[in-house]
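Hi there,

Here is the structure I promised to pass on. Have a look at it first, then read my notes below.

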Amino acid sequence: MPFHRPSIGPDEEREVIEALRSGWITTGPKTKRFEKEFGAYVGAKHSLAVAHCTGGLHLALWALGIGPGDEVITTPFTFTATAEVIGYLGARPLFVDIDPGTLNINPARIEEALESGKHRNVRALLPVHFAGHPCDMDRLLAISRQYGLRIVEDAAHAAGAARHLDGRGMTRIGAIGDLTCFSFYATKNITSAEGGMVTTEDDALAERIAIASLHGMNRDAWKRYDRSGSWYYEIHDLGFKYNLSDVHSAIGLAQLRRADDFMRRRTAIAAAYSGAFRSVDALQVPYSERAIEHAWHLYVLRLKPAMLRIGRDQMVELLRERGIGTSVHCIPLHTMHFYQQRFGYRTGDFPVAEEVYSRCLSLPIFPSMTDEDVSYVIENVLEVIGGNRR
């Protein structure tokens, strides 16, 4: 039982073969179609395909003018890409601790950092919708308005997730903050093998990112080898090589048509896990707030070490011996050498993130898991826990 297996089938194969046979395999008509359909899926005015979510986050912060001396508030409980893009621009990632329930960035800790008077160069918030649970966007929007900050959402885990907003009702992630960045990496809820998307309601930001994602050339320069295009192009701005190919977009298009089915299956698997583990006093199941739609990119189970003779690392190894792949999300960034050396963080700075990390593991959760697969994971988790009680 691997930790993840992508759900690739005949629809994806047909789309890719069509792209390959068309003679157009780099950024082209399929990518433009993928942008339009993904924008409609999340309810965003603009949707811009990029090579990966990391590039999307880089472009988003760059488009907002983040630069040397600026600070961007984010969470240490995330993959390094979230924070490293801040460093790309010469800015500083300003970490604050997480909420012990949702594992998302804690708005109260953001307010403390801003009210302390120690951080006068904060320009933006970069929340992560961890595991697919939407952040408290009403609170984050209020903070951004009060302090004049922009919001770039890291939605690498959150394609399809939604949250009830004051005055707007249930709103999909992708149409809330100034900019939202999605990942279509192989393990994500929908995949294009590699790829990402940036969504926004802002016309000027969309135009700047569209141009910058392909070397700063004018927006329709991708057409220069098409019958309708021209060999001539103009450079309008600083640019990067972050465009997404039609081959990748072909996979994404087919996946997007199945996105709701994928999400329903993930939700059912999560419900089965929580139903089996909720009554086990040595385990803590994921918390899910009301009035949200959880994307269930990850199912993060927490152990209660005081009740067990084994820790998280031993649990991972014992499940591996039984043929079950797991992972750990996430190693807090402030405990890593680079962030300590470059930015002066120290182990102990963010105790909630560290405590959660010390006892969490992520179980397999992907749409092609059968009911028998799910039962196998449940049975083995229960057996390992039952055999290692204090």
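**What I found**

Let's start with a loop: V280 sits in the loop between α9 and β10 (283-284). (Helices are DSSP runs of H or I with at least four residues, strands are runs of E with at least two, and both are numbered from the N terminus.) Before going on, please keep in mind that this is a predicted model, where local features need pLDDT of at least 70, side-chain atom pairs count only at pLDDT 80 or more, and totals for chains, interfaces and linings use all residues. Residues are numbered from 1 along each chain as its sequence is written, and side-chain values use heavy atoms, with hydrogens and water left out.

Is V280 buried or exposed? It counts as buried because its relative accessibility is 15%; the cut-offs are under 20% relative accessible area for buried, over 50% for exposed and partly exposed in between, with a 1.4 Å probe and protein chains only. Leaving aside residues up to four places away in sequence, V280 touches L382 and I385. (Contact means heavy atoms within 4.5 Å.) The C-alpha atoms of V280 and G386 are 9.4 Å apart, although 106 residues separate the two along the chain.

**Two helix pairs**

Now for the helix α9 (residues 259-277). Its axis and that of helix α13 (residues 371-386) come within 10 Å and cross at roughly 30°. That makes α9 roughly parallel to α13. For reference, axes are lines fitted to C-alpha atoms, for helices over the stretch in contact, and angles run from 0 to 180 degrees between N-to-C directions. Angles under 35 degrees count as roughly parallel, over 145 as roughly antiparallel, 65 to 115 as roughly perpendicular, and the rest as oblique.

The crossing of α9 and α13 is right-handed, a term used if the near helix is turned clockwise from the far one by less than a right angle, with anticlockwise being left-handed. On the α9 side the contact is made by R265, I269, A272, Y273, A276 and F277, and on the α13 side by D371, V374, V377, I378, V381 and L382. Sorted by class, that contact has ten nonpolar, no polar and two charged residues. (Ala, Val, Leu, Ile, Met, Phe, Trp, Tyr, Cys and Pro count as nonpolar, Asp, Glu, Lys and Arg as charged, and the others, Gly among them, as polar.)

Another pair to look up is helix α3 (residues 53-63) with helix α4 (residues 80-88): they pack at an angle of about 40°, with axes 9 Å apart. These two are therefore oblique to each other. Their crossing is right-handed. From α3, T54, L57, H58 and L61 meet A81, T82, E84, V85, I86 and Y88 of α4. By class, there are six nonpolar, three polar and one charged residues in the contact of α3 with α4.

**Two sheets**

There's an open sheet of three strands in the order β10-β12-β13, with antiparallel pairing. (Two strands pair if DSSP finds at least two bridges between them.) β10 and β13 (360-363) are at the edges with a single partner strand each, so one side of each has no neighbour in the sheet. Strand β12 (residues 299-303) pairs with β13 over four bridges, and the bridge partner of Y299 in β13 is L363. Our helix α9 turns up again here: α9 packs on this sheet and touches β10, β12 and β13, and its direction makes about 15° with that of β12.

There is also an open sheet of seven strands, in the order β1-β9-β8-β5-β4-β2-β3, with mixed pairing. Here β1 (46-50) and β3 (92-95) stand at the edges, each with a single partner strand, so one side of each lacks a neighbour in the sheet. On average, neighbouring strands of this sheet are turned by 25° against each other, direction ignored.

How many residues of strand β8 (residues 179-183) are buried? Five of the five, so β8 is largely enclosed by the rest of the structure. L179, C181 and S183 point one way from β8, while T180 and F182 point the other way. Three bridges join β8 to strand β5 (residues 150-154), and these two run parallel. Four bridges join β8 to strand β9 (residues 196-200), and that pair runs antiparallel.

Cheers
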